[in-house]
Amino acid sequence: MLIRKAVVIGLLFFYISGINAQINPLEAKDSIVDRFLNQALLYPQEKIHLQIDRPHYVSDERLWLKAFLVNAMLHTPDRSSRYVYVELIDPLQKVKSRVMVKAEDGSFQGHIDLPEDLVEGNYILRAYTSYMKNLDEGYWPHVPVYISAPQSAVISIVPQFEYPAGNKVSLSLSINNIENNTDFSPTVLSVTYDNKTLIPKKKDGMLYYTFARKEGEDILLVECDKYKKYITIPNPQEDYEVTFFPEGGNTISEAVNCVAFKSLYGNGKPADITGYVTNEKGDSITNFTTYHDGMGYFFMKPEKGIKYYTISKNEAGIEKKTELPVAQNTAGLRITNIKNEFHLSISKSPDINTDSLYIVMHTRGIPYYVQKWNTENEDISFQKGKFLSGILHILLINSEGQTLSERLVFCNNDDQAVLNKRITSEIKTRDRVSVNLQVSDQQENPLEADLLVSVTDDKDVDASKNNSISSSLLLTSDIRGYIPNPDYYLEKNNLKASKALDMLMLTHGWRRYNIPEVIQHKYAKPCIPVEVGQEISGQALGGFLKAKPAKDAQVSIFSKQTGFFDVTTTDNEGRFHFRDFEFPDSTVYFIQAISQKGSSGVELVLEKDTIPPIETAIYIAEGIKNRTKTDNANDMDNYAYIGKVNKKYTYENGMRLIYLNPIEIKAKKTVVEKSFYDRLSDKTFSQEFIEETGAATLSDVIRYMSGFIVENGNIYSTRISALKGREIALVFVDGIRITPFGGFEGSGNEVEQPIILDAQPIDDLIPIENIQEINVFKSSGKSLILGVSGGGPVIMITTKKGGNIKDTPPDNIAKIQPLGYQRPVEFYSPRYDTDEKKNSPNPDLRTTIYWNPALRQNENGKAYFDFYAADFPGEYTMIIEGITKDGKIVRSVEKLKVLKPE
């Protein structure tokens, strides 16, 4: 955290001095610039750009991902948080998969294996660090991804919706066989809505479903034989809303106002509308129409005390009347964009004095301009190239520091990193593609960057649907609301896109630090600390009915898989924490508590790893259209794509299980569950092992136990201490101690216990044929987990009769398998570097041709990589993204043409 603050301070001063930020003349000792700096130091924020190899998958594929974690203000790589969490969320807003990605060599790279039985539909990937939970979910990246079911290559399900009246919905389904474009008659057809199965009615040979729609419930689950698909219920066309955004935040009376608007259907889909503005007398003032994605604007000069309305119509001719915000006697910001500069002026009511108003400008919390407004100026011109690329937040404040108006301006400059590439000129199928590249700044100085490379086949994947690192870090992460297709707004030399971008700035607000509060000395502070390691915590309860905190209880933790062992003591509230350790996912831990007096009469209550609530509802366009063989061949060929993926799966894994008919099994399957002790022990000797070895006595089995011997009817560890002598093992049968003592023979520190049975030779304890399993615990740490004070080795015998008695651990012992960090997996890319490999008959059915989430550079910013083309000619899209050490964005998209061999 200290390193992070030092970096923030250094770079902030660099930016501020480089722009010549002007100090607020109101308070020289505590300027507005100082307040920006204080906020940045008190609460440095994080951003994540999440990139995946493609926006469309088929179930049972592997989804490759990488998270770029940066400082939200400077965009410099930030490694303060040790883990990034990535979750796959289904259309019902349930987490289907969750991974914890740890930085490997400074790169947060991972994957999600999609289950084979995943239901087809629109999914969301969201990513965050534990520290980012200080902000609401709207600040985290949400990446849409469509997941198809394998059966969608055979069956097409097309819904048709009607809305009879009120909240009633009528649904009919068209189900076709894609192979021959004929009707498909399923054996099983089920439609579920709001966890209830809908009952169909038959009419004219068609099945119809009628149901009442609930607010917030927009998803149907259709099951057609083994094909399952989520379908979004569209809103009726008349259900749209128009929201108006006066420039600067307020409608100003007796002044010309720019009023932006945004029209959306209930599910967030943009609505195209036309309309006009009228006053309360019915006089028409001006007309308007949407320009892009439901956005537009108009100009008007409202009179004081007069109400104004808009009359709008959507594409279906549905008319709506909306009252505009009441005009106020105030002042506000006015921006006019002209190519690479903007003009700033103040629009005001006639009796408003602007003598004591100030202009404040910042980009991502970096202050650039703090100056008193000169009333002699009609406007001030600014070159956008003087500011960092991204959203410039402009505020108009009064002498008390109160914010009167806010406006956003986007600066899209050539100030990011430059990527020079040299690529193999002519490529044929199974040819090697070589790429040399160098990252530099605009002055050609080499830069070191964290880089990612992704290459996909255009026939299978529309790579343009992956949001870029540029739009993610510069645009969507800093404004409120979901932005569909954000990369469109950053297209340079596109006047329509530039105009739409300014409308976006008018209809969305700045989302990070509350700058008006910062100016008022009201600083935001984080409550959740930066996560630097894994943590397991909980509470120990003791006393009567185990209802009181067990103060000063000893709590130990142990993992058999890793050998990890630690001990701590509870506080006055009985709480304990194990921190600053980490192990990979699927690691199992055993935790045991013993009271201050050494009693096992303690109950453990562990804190659960909670998943943050899913609150952000995001509109996603229906991503994939099932097309038939007779459709336009220029369309994205979903039929061929899924068929290709299915062939690849069958070639590598055999027939998909979901295609197989159910098999009736009459005999019950015998399942041997591992006992609690089996999961914890160092070594387990099963009944089968005992029978295979032909052991006649317990001593015969112990001879197979490394580190133990039997002498005079007792079991000893072969470990001998020069000071303490030989260590004696404790023996339990079905959880009950049998031997009278354990510890070091003759040391005087033997563990005294009531003798359950008379002391007798170990072979006389139990007949060998009655033993189900024997578990061996060699270390004192594991003995402590079992509740054996004093430690030492333990032999745990489970009989056939009592084999299930101790499968559940006692109250003072708990087993936990928390989410651990994901082990890195390398993307497989075949190499056809010999004639034998190049001529191999095995088909190359890759969709993602190449994925390298951590491309290495040398000290001059240069890097090299190569890969081999697959079996199909066509075009590939190669995307290279990254972030340099000083926060510059790297982004390059290249088309590679692959030819068929002559």
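Predicted model: local features only at pLDDT ≥ 70, side-chain atom pairs only at ≥ 80, totals over all residues.
1. Strand 4 (residues 83–89) pairs with strand 7 (residues 121–128) in the antiparallel sense, over five bridges.

2. An open sheet of eight strands runs in the order 1-3-6-5-4-7-8-2. Its pairing is mixed. The edges are strand 1 (46–52) and strand 2 (56–58), each of which pairs on one side only. On average, neighbouring strands of this sheet are turned by 25° against each other, direction ignored.

3. Strand 1 also has a helix across it. Helix 3 (residues 469–476) lies across strand 1 and strand 3 (62–71). The helix runs at about 155° to strand 1.

4. Next, the second largest pocket. Its volume is about 940 Å³. The lining comprises 32 residues. Those nearest the pocket centre are N337, K339, K384, S498 and K499.

5. Which elements give two or more residues to the lining of the second largest pocket? They are strand 22 (295–300), strand 25 (331–338), strand 31 (403–411) and helix 4 (495–507). Helix 4 supplies the largest share, eight residues.

6. What is the lining of the second largest pocket made of, by class? It has 13 nonpolar, nine polar and ten charged residues.

Conventions:
Residues numbered from 1 in each chain as written. Heavy atoms only, no water. 1 Å grid on protein atoms, 1.4 Å probe; cavity = no way out; pocket = protein on both sides within 12 Å on 5 of 7 lines; lining within 4 Å. Points joined across faces, edges and corners; volume = space filled by probe spheres on them. Helix = DSSP H or I, 4+ residues; strand = E, 2+ residues; numbered from the N terminus. Nonpolar A, V, L, I, M, F, W, Y, C, P; charged D, E, K, R; others polar. Pairing = 2+ DSSP bridges. Axes fitted to C-alpha atoms, helices over the stretch in contact; angles between N-to-C directions. Contact = heavy atoms within 4.5 Å.
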